Amino acid sequence: MTDSPRATVGAAIARLEGYLSAAVAVLPVPCSLRRFRAEQRRSPDPETGDYGAHVELTRGYWLDGIGPDHVAACFEAIHDHWIDAGFVVVSDARPDGWFLSVANPADLYRMSLVASDAGTLSISATSSRVLPDDLAPEGSAPTA
Amino acid sequence: MTHPEESAATASIRGAVGALQASRQAWHDRSGGFDETSARHQLALSLALAEVTGSSGTTDLAAIDHVLTAVGAASRSVRAEVDRVFIVEINRLRAALGASLSPDRRWREVSGGLLRRQLADSPPPGDLATVEEIHDWWDALSPESREHIINGGERWLGNVDGLPVEVRDRCNRLHLKALVAGDRPVSKRVRKALVKLQKELDEAREAGLDAYLIALETTGFGAATVSYNNPDTSDRVPIFLPGGGCKLELVDLQLAEARNLLTMMERLDASGDAKPPTNAVVLRQYLTGKAVPLEVLKGRQASDITGPTCRLLHGLRVTHTRPEPSYNVLVTHSYGSVLAGMTADEHAISVDRVATAGAPGSTLDEASQFGLPDGEVFSGRIAHDVLAWLGQLGFVHNVSLDRPEFGAEVYATQAGTAWPTPGGFSYAAHFEYFHPESLSLFNLAQIARGRQPIPARLEAVPQL
């Protein structure tokens, strides 16, 4: 998965957080976010397998304060939001499991929503391949 | 009261166990691993005889005849039949004996070094020591002796299965530090990878993750075994065996996959105020030496990998400290899946489940040969994964794991990245099983938690 060659880490983080905030905003019940993951790792070129400077980033949050009774409604709300926002569903495990995964065809960012056995919700997003900020091509705008 | 037939059964089993023990020296002398066919068949026969005569006091001649027929021949199909009927019992006995394990080639060096140090309170067991014997020896040492040994500079001590993971970590970090500093010889390429490994371990600490360096090899391309959280004290321990591109310079990428699995398990475990089970994920890299892709795919390097892998799995059982055994699952990707089958075939795998992802095939004929109860072998294939697809067609190894005749439980995955090829097959899809937002990872995490994954829908093999 390649993104714009001008994409940078700084812009990718902003985009990830924006996607996550927008999804949480549509939840039918209030919740607080608690981060469980923030990392970046090397990302090989999918066509050549070469390991250049590109990385991909992941951000994940627990959605605290949502009871198990609201899991189904939350899944439905976020599913509808993602469709409206132009994401496509990659996997929807319902009703066999509480797992939903989408991808954005425009930038190839991917997101997932999971409910634990006890009904605890978590949301996560992963960028496509981006360049570290200090390696962005000269004169490029830091867009993801 | 002891039933006369029960005594005969016990004697029969004891005889078979004796045969296994007697073959240990033969294993040790064989450079390419040991062929246990004979011992396996003897034990199967003894168990079968014990079974048909022991419990009821009567003899089922038809059953004995069936078993004799099966055991008497060494053809692959007959061996599979024996395995199907008896493998669980065989593995249980072999694991109890520690007898299924090839001797640790590093232990010979370590024990020799320790003997030269003239340990006061307890000399180390000999070259052929089992994991249990090594564990018992360490257990009996005084705290002072343990510290003396850890700080003594035996460079391969940290690789020895049977020692507690915390001890191995301390030893290997000392070794790693010396290697990175240039105090010990290593190739330029491996040293560069070791620096990367050191960085990963440092970053894990900064991120609040407990990381343990369980093994370190510096020959060839180098290899590391690293655990997030301590498997000796965890409730669940998935052991991740990556693909044929396994080398130390890829350790950061494969550790990221291990972290992805751990994180998904935690997402599924979360339970508010209640304390969830503890998970430790072990990345097991292995030495591939001078990897030639075709040779790797044909499994010709496997003999140096299967024995140590078997020993690691067994060692994790032995050093576990909780009252209840941990739930251990071998999670494999690509060629790691082939190796898992070879390990089960040549030795035994002391795990509760096997979950393969993107396997290019298997040298086994059916899932039962993993030696696990029915329903505990899982297979997943991303639809656009070109390597797994070739495996399904039987181009690489003789059997595909996700064909019904193999007998694995096939779990659902996402479609994966499609390239503009016939069928959309891509190399990229082969590396998407552990993507943080993927259904394949969700299902692998469910399997590692002892839950049932979402089953795959039946689909036809795409045709070019």
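Ser362(B) is buried, with a relative accessible area of 0%. Here, buried means under 20% relative accessible area, exposed means over 50%, and partly exposed lies in between (1.4 Å probe, protein chains only). The model is predicted, so local features need pLDDT of at least 70 and side-chain atom pairs count only at pLDDT 80 or more, while totals for chains, interfaces and linings use all residues. Residues are numbered from 1 along each chain as its sequence is written, chains are lettered from A and ligands numbered from 1 in the order in which they are written, and side-chain values use heavy atoms, with hydrogens and water left out.

Ser362(B) is found in the loop between β6 (353–357) and β7 (377–380) of chain B. Helices (H or I, at least four residues) and strands (E, at least two) are DSSP runs, numbered from the N terminus. A polar atom of the Ser362(B) side chain lies 3.0 Å from the backbone nitrogen of Leu364(B).

Five of the five residues of β6(B) are buried. In a regular strand the side chains alternate between the two faces of the sheet. Both faces of β6(B) are covered. Arg353(B), Ala355(B) and Ala357(B) are buried on one side, and Val354(B) and Thr356(B) are buried on the other. β6(B) pairs with β5(B) in the parallel sense, over five bridges. Two strands count as paired if DSSP finds at least two bridges between them. Thr356(B) in β6(B) has Thr332(B) opposite.

Strand β1 of chain B (residues 211–217) is also mostly covered, with seven of its seven residues buried. β1(B) pairs with β2(B) in the antiparallel sense, and this pairing has six bridges. Tyr212(B) has Ser227(B) in β2(B) as its bridge partner. The hairpin of β1(B) and β2(B) has five residues between the strands. In that hairpin, Gly220(B) takes a positive phi near 55°.

The two chains also touch each other. Contact means heavy atoms within 4.5 Å. Chain A gives 34 residues to the contact, and chain B gives 30 residues. Together the chains bury about 2500 Å², 56% of it on carbon and sulfur atoms. Buried area is the accessible area (1.4 Å probe) that two parts lose on being put together, summed over both. Between chain A and chain B, 15 residue pairs are in polar contact, both residues being at pLDDT 80 or more. A polar contact is a pair of N or O atoms within 3.5 Å; within protein, one must be able to donate a hydrogen and the other to accept it, and residues adjacent in sequence count only if both atoms are side-chain atoms.

On the side of chain A that touches chain B, the elements that give two or more residues are β1 (32–42), β2 (55–64), β3 (88–92), β4 (99–103), β5 (110–115) and β6 (121–126) of chain A. The largest share, six residues, comes from β5(A). By class, this side of chain A has 16 nonpolar, 10 polar and eight charged residues. Ala, Val, Leu, Ile, Met, Phe, Trp, Tyr, Cys and Pro count as nonpolar, Asp, Glu, Lys and Arg as charged, and the others, Gly among them, as polar.

A salt bridge is a side-chain nitrogen of Lys or Arg within 4 Å of a carboxyl oxygen of Asp or Glu. Four salt bridges are found across the interface of chain A and chain B. Glu39(A) forms a salt bridge with Arg259(B), with the closest N and O atoms 3.0 Å apart. This pair crosses between chains, from strand β1 of chain A to helix α11 (residues 251–269) of chain B. Glu39(A) is buried at a relative accessible area of 15%, and Arg259(B) is buried at 10%. Both residues belong to a network of salt bridges that links Arg37(A), Glu39(A), Arg41(A), Glu56(A), Glu200(B) and Arg259(B).

Other salt bridges lie within chain B. Arg168(B) and Asp161(B) meet at 2.9 Å, N to O. Arg168(B) is buried at 3% relative accessibility, and Asp161(B) is buried at 5%. Arg322(B) and Asp235(B) form another salt bridge, their closest N and O atoms being 2.8 Å apart. Arg322(B) lies in the loop between α13 (303–319) and β5 (327–333) of chain B, and Asp235(B) lies in the loop between β2 (223–228) and β3 (236–241), so the pair ties together parts that are 87 residues apart in sequence. Arg322(B) is partly exposed at 33%, and Asp235(B) is partly exposed at 29%.
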